[in-house]
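This briefing is for a reader who is meeting this structure for the first time. Please look over the sequence and the model below, then read on by topic.

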Amino acid sequence: MAGIPQPTGCDAQETGPAHAPGRHDNAATRRWGHTSMWRSREGPTPAKSSAPPRIPTPSPRPAWVLANRRAARPVTYGAPEPIGSLQEHYNNLCKEKSKKINPFILHILQGVDEEIEQGLEGITLNVAGNNQLIPVERVTGDDFWILSKVLEKNPYINGLDVRYNILRDVGAYYAAKLLQKQYNLIYLNLMFNDIGPEGGDLIAKALYKNVTLKYLRMTGNKIENEGGMSFAAMLQINSSLEKLDLGDCDLGMQSVIAFATVLTQNQKIKGINLNRPILYGEQEESTVHLSHMLKENHCLVELHMSKHGMRNGGMKQLCDALYLSKSLRYLDVSCNKITRDGMVFLADVLKSNTTLEVIDLSFNRIETAGAKCLSETLTSHNRSLKALSVVSNNIEGEGLVALSQSVNTNLTLSNIYIWGNKFDEATCVAYSELIQTGCLKPDNTDVEPYVVDGRVHLAEVSNGLKKHYYWTPTYGEACSHSANAGFNLVPVGHQQDWGAGRPFAGELADVWICVSTSHQREYSGMTPLSMAPLLFLFGLTILCPPPGAGPETLHVLNL
């Protein structure tokens, strides 16, 4: 990769990241506001060099074994089962590579070993750096290199959660290598790991040939426009990824447009999060392009467009697309600038739309008039919406009471979240009666009634559509249904119905086209040369199909 010194020698691939930035240094500790309970035994950390971090150059792509995958039992592709426990393997590798043992990783691996001994499979290894229940020494790129070696070809682990650590681009390199070698990994959470554009590019390119990963979270890593373009290009090729979270990644308008373009043809992605792109201007371009995408895409189930600067004009564009969309079930337009006029368009759509089940309107400004407009449709017409969030929308009592009447009348509308609006006595009484009569279950709302001096009041309860999106609670279940109702009502990225076909592969200069005889989109008479205009958008050059490639290479999937 340009700008990164390349290691020399035939063993560059196995060289440990001794040069990794943030390797147990005090600056990294201050960066994350964390003081470890464990002190390093290696003495003082040398001063940080002003030179950019060195990342080993990826080795030539190995041959891949592409086979059918069953969700019930992970396939090991002939890989030998690990010898001994994960804890023992980690200890031995640290000694062999002369690396410091991270006691946090050791503790987590001990728990996983116990689960494996109990015969459990499909285990998610949780090495989250924001764990408040046990002492944490955040995982660095140096640590992750050893951890990735431990997890290679392990048949018991199919999920890895390393959120809120300090992997940086060096750790992203080893995450990319892991995606190439771990054939059982279906879930990877890298959110908030200080990964930049170069690290994002490495992970995206690793997914060109990966056929097992189903859900990737890159939330909060500032991969910017460059990294966003790499992931958009990847979606042309990858035929297994079902859910991608790029929220808070500082995506630019160019990459948002690229995602909208690719998703018009990609029929595998079911959920995508493009929250908070960096937008300049007031023309709502991102909303316009994503609306056009929804008219063409008939597989997308979950779409997050929070903090897109969407106004009523953009909401109208989106609603026009929802008339044609037959697959979208979860729409998140929270933290925008939608007012009561935008609710007129949404209410009209809900009269005929029978697929939308969850709508998040939190932190807009629909006010009382907008709430009443929605209430009329939900009471008289719509019978498909299950959950509605209008948190912090400047709604007064009259509008909130109208929504309570919709819940009372509409048996399908089971979840409603109203905290942060202007409660009056009538509102408190209305929702108290809903809960007492059983029309609204306490777990399905974010308020709880209580009585003081004979008057009913409402208190906030920690329930919502995605309360634990950024954090996990210090007690209770981290994935409780009541706190994450949106993801439980529309379970995109979960293990059901996961299975990959047996694709062929044709190589391009920097990307791979995966072609499947099932679920294929046939382009009559299309040759690799005629694909050039589409791939040119991402700066890719097309070469001839590999020797021996059959006519299936003309059936292009996800392009």
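E12 and E13 form a hairpin with two residues between them, and Asp453 in the turn has a positive phi of about 55°. This is a predicted model, in which local features need pLDDT of at least 70, side-chain atom pairs count only at pLDDT 80 or more, and totals for chains, interfaces and linings use all residues. Residues are numbered from 1 along each chain as its sequence is written, and side-chain values use heavy atoms, with hydrogens and water left out.

**The chain as a whole**

- The protein chain has 16 helices and 17 strands; helices (H or I, at least four residues) and strands (E, at least two) are DSSP runs, numbered from the N terminus.
- Of its 559 residues, 54% count as buried; buried means under 20% relative accessible area, exposed over 50%, and partly exposed in between, with a 1.4 Å probe and protein chains only.
- Among contacts between residues at least 6 apart in sequence, 81% join residues at least 24 apart; a contact means heavy atoms within 4.5 Å.

**Strands and sheet**

- Strands of a sheet pair through backbone hydrogen bonds, either parallel or antiparallel.
- Pro449 stands opposite Leu458 in E13.
- Eleven strands form an open sheet with parallel pairing, in the order E1-E2-E3-E4-E5-E6-E7-E8-E9-E10-E11.
- E1 and strand E11 (415–417) are the edge strands of this sheet, each pairing on one side only.
- From one strand to the next, the twist averages 5°; axes are lines fitted to C-alpha atoms, for helices over the stretch in contact, and angles run from 0 to 180 degrees between N-to-C directions.
- Within the sheet, E6 and strand E7 (residues 302–304) run parallel and are joined by three bridges, with Gly271 opposite Glu302 in E7.

**Helix H4**

- All of helix H4 (residues 141–151) is covered, since eleven of its eleven residues are buried.
- Among these buried residues are Asp142, Asp143 and Lys149, as well as Phe144, Trp145 and Ile146.
- The buried residues of H4 pack against helix H2 (86–96), helix H3 (103–117), strand E1 (123–126), strand E2 (157–161) and helix H5 (168–181).
- Lys153, which follows H4, has a positive phi, near 65°.

**Helices H8 and H9**

- Helix H8 (residues 253–262) and helix H9 (residues 285–296) pack at an angle of about 10°, and their axes are 8 Å apart.
- H8 and H9 are therefore roughly parallel to each other; angles under 35 degrees count as roughly parallel, over 145 as roughly antiparallel, 65 to 115 as roughly perpendicular and the rest as oblique.
- H8 contributes Met253, Val256, Ile257 and Ala260 to the contact, while H9 contributes Glu285, Ser286, His289, Leu290 and Met293.
- These contact residues divide into six nonpolar, two polar and one charged; Ala, Val, Leu, Ile, Met, Phe, Trp, Tyr, Cys and Pro count as nonpolar, Asp, Glu, Lys and Arg as charged, and the others, Gly among them, as polar.
- H8 is largely enclosed by the rest of the structure, because seven of its ten residues are buried.
- The cover over the buried residues of H8 includes helix H7 (224–237), strand E5 (243–245), strand E6 (271–273) and H9.

**Nonpolar cores**

- In the largest nonpolar core, of 117 residues, Leu216 and Phe231 touch the most other members; such a core is a set of buried Ala, Val, Leu, Ile, Met, Phe, Trp, Tyr and Cys residues joined through side-chain atoms within 4.5 Å.
- H5 supplies the largest share of this core, eight residues.
- Apart from this core lies another, of twelve residues, among them Tyr417, Leu465, Ala485 and Phe487.
- Not counting residues up to four places away in sequence, Leu216 touches several residues, including Leu188, Ile203, Phe231 and Leu244.

**Single residues**

- Gln236 is found in helix H7 and counts as buried at 2% relative accessibility.
- Gln236 and Leu263 are 27 residues apart in sequence and 8.5 Å apart in space, C-alpha to C-alpha.
- Most residues other than glycine have a negative phi, and most peptide bonds are trans.
- Asp250, in the loop between E5 and H8, is not a glycine but has a positive phi of about 60°.
- Cys335 also has a positive phi, of about 55°, and lies in the loop between strand E8 (330–332) and helix H11 (340–350).
- At 29% relative accessibility, Cys335 counts as partly exposed.

Conventions
Two strands pair if DSSP finds at least two bridges between them.
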